[in-house]
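Work through the exercises below with the sequence and the 3D view side by side. Try each task before reading its solution.

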Amino acid sequence: MQRYSVFAVAREAFRHHKGWERAWASPEPRRKYDVLIIGAGGHGLATAYHLGKNHGLKHVAVLEKGWLGGGNTGRNTTIIRSNYLQDPSAAIYEKARSLYETMSQDLNYNVMFSPRGVMMLAQTEHEVRGYKRTAHANSLQDVETEFISPERVKELCPIIEIRGPRYPVLGALWQARGGTARHDAVAWGYARACSAMGMDIIQNCAVTAVRSEGGRVTGVETTRGQIACGKLGIVVAGHSGVLADMAGFRLPIESVALQALVSEPIKPCMDVVVMANTVHGYMSQSDKGEMVIGGGADGYNNYTQRGSFHHIEETVRALVETFPMISRLKMLRQWGGIVDMTGDRSPILSKTPLEGCFINCGWGTGGFKAIPGSGWGMAELIAKGSSPLTEEFGLNRFREGRFIDESVAAGVAH
Ligand SMILES: Cc1cc2nc3c(=O)[nH]c(=O)nc-3n(C[C@H](O)[C@H](O)[C@H](O)COP(=O)(O)OP(=O)(O)OC[C@H]3O[C@@H](n4cnc5c(N)ncnc54)[C@H](O)[C@@H]3O)c2cc1C
């Protein structure tokens, strides 16, 4: 793999940037792989990367029906934090956050991780109690967070109106090492590293059927022919139910459209990420200067990748209460993604009833932040049959009633 460095940039500047190689190869699919991963979003690619890096499994292909990161990975608002309430969640999200810290160096690809700090505003007494409880839980889990005063909120983010009008800011749960990263770069960086290890990233290749024999997976049918495999990982977010159906089992998942929007670019005015869950909106400023705004999820199941229009108005109205200055901004564009929601708002990383077939889904509205930790755990699960990171996130928890209830931490906040 051609290494990226300041010297490489300088060298290419002298030869009119004619020496750059393609970042990843686009091979034809082979007839058989040890492991096939369906879905080239962040989670699928990170799984493949850690299969190679941590477990030496390199005869791996990632199959993608569209383009790299074209699903939710390239559509989210890029918030990274690990201040969840339950122990299994804190473990996997904090593993992920810590891997983000060194991801650019590990992948030799600038993912623009920006640990600028994330605050979740408490705007009701109930939220104050909830976030204080989370801060206490986090200190037991070795996750650095604190509950801060309204004055500190104003100091960290001067454009917030802390006095109301409807909901005054009563404090916030603050994670100083939370932040953002460039989402496409995360997918591209993993794809490049996988390709460099000899793995095949195959785009425009939709899986149309899962093949099995005697209760064990044997391969898949795709729009580019049949491909056999020893093991199969299904990592397709909003389409998990569709793929599970092909593999012959059902999932406790609902797919809904979740949307986001960005404003016209303005001068830097906010260097933290703010989530206001009571009025329901969250915002950060991109490096280009656009205000990146997260909206709501549709109230009904669908696969539209667009989202209902009334959410745009509701989200902007909610945020204008907290950030009056955005009332003067023009909105530039809006988009949606299909998110995979479980009842307890926690993910599923699990073996399935089909032997050799594994599933990673249910990240819902908040899985971007989990990508490296999820890839680490999922790879271990596929390679060894179990992983401490994924143990609690198995499918059997729904049968046994062992829910990992994160609906407060992850409801539709990211
Ligand atoms: C608007 C929005 C805002 C969000 N904001 C945040 C945030 O701020 N922070 C955060 O942590 N998370 C956020 N999320 C959630 C996050 O984006 C997702 O949880 C995460 O990206 C899921 O990654 P993935 O790799 O599982 O899925 P995806 O990136 O969706 O990848 C799945 C891939 O599978 C492919 N696929 C589907 N079916 C097939 C098939 N039959 N054959 C082959 N390939 C197939 C799809 O084309 C897709 O590329 C947000 C999501 C949305 C939509």
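This is a predicted model: local features need pLDDT of at least 70, side-chain atom pairs count only at pLDDT 80 or more; totals for chains, interfaces and linings use all residues.

**Exercise 1. The ligand shell**

Task: Find which residues come nearest to the ligand, and which element gives the most to the shell around it.

Solution: 
- Step 1. The residues around the ligand number 37, and Glu64, Asn72, Thr73, Thr77 and Lys369 come nearest.
- Step 2. Sorted by class, this shell holds 15 nonpolar, 18 polar and four charged residues.
- Step 3. At least two shell residues come from each of helix 2 (42-55), strand 12 (253-265) and strand 16. Strand 12 gives the most, with three residues.

**Exercise 2. Backbone contacts of the ligand**

Task: Locate backbone atoms that lie within 3.5 Å of an oxygen atom of the ligand, then state how much of the ligand the protein covers.

Solution: 
- Step 1. At Gly42, a polar backbone atom is 3.2 Å from a ligand oxygen.
- Step 2. For His43, the distance from a backbone N or O atom to an oxygen of the ligand is 3.0 Å.
- Step 3. Gly364 also places a backbone N or O atom by a ligand oxygen, at 3.4 Å.
- Step 4. On its own the ligand has 1000 Å² of accessible area, and the protein covers 97% of that.

**Exercise 3. The second largest pocket**

Task: Describe the volume and lining of the second largest pocket.

Solution: 
- Step 1. The volume is about 510 Å³.
- Step 2. The lining consists of 23 residues, of which Thr78, Arg182, His183, Ser286 and Val292 are the closest to the centre.
- Step 3. Helix 7 (183-196), strand 14 (281-285), strand 15 (290-297) and strand 16 (331-342) each give two or more residues to this lining.
- Step 4. Its classes are five nonpolar, ten polar and eight charged residues.
- Step 5. Thr78, one of the residues closest to the centre, is in the loop between strand 2 (60-63) and strand 3 (79-80). Thr78 has a positive phi, near 65°, although it is not a glycine.

**Exercise 4. A hairpin and a cis peptide**

Task: Work out how strand 9 pairs with strand 10, and where the cis peptide bond at Pro165 is found.

Solution: 
- Step 1. Strand 9 (207-213) and strand 10 (216-222) run antiparallel and are joined by six bridges.
- Step 2. Glu213 faces Arg216 of strand 10.
- Step 3. Two residues lie between the strands of this hairpin, and Gly214 has a positive phi near 55°.
- Step 4. Elsewhere, Gly164 and Pro165 are joined by a cis peptide bond with omega about 10°. Pro165 belongs to the loop between helix 6 (150-156) and strand 6 (171-175).

Note on methods. Residues are numbered from 1 along each chain as its sequence is written. Side-chain values use heavy atoms; hydrogens and water are left out. On a 1 Å grid over the protein atoms alone, a cavity is a set of points where a 1.4 Å probe fits but cannot get out, and a pocket is an open set with protein on both sides within 12 Å along at least five of seven lines; lining residues have an atom within 4 Å of a point. Grid points are joined across faces, edges and corners, and a volume is the space filled by probe spheres set on the points. Helices (H or I, at least four residues) and strands (E, at least two) are DSSP runs, numbered from the N terminus. Ala, Val, Leu, Ile, Met, Phe, Trp, Tyr, Cys and Pro count as nonpolar, Asp, Glu, Lys and Arg as charged, and the others, Gly among them, as polar. A residue is near a molecule or strand if one of its heavy atoms lies within 4 Å of it. A polar contact is a pair of N or O atoms within 3.5 Å; within protein, one must be able to donate a hydrogen and the other to accept it, and residues adjacent in sequence count only if both atoms are side-chain atoms. Accessible areas come from the Shrake-Rupley method with a 1.4 Å probe; for residues, only the protein chains shown count as cover. Two strands pair if DSSP finds at least two bridges between them.
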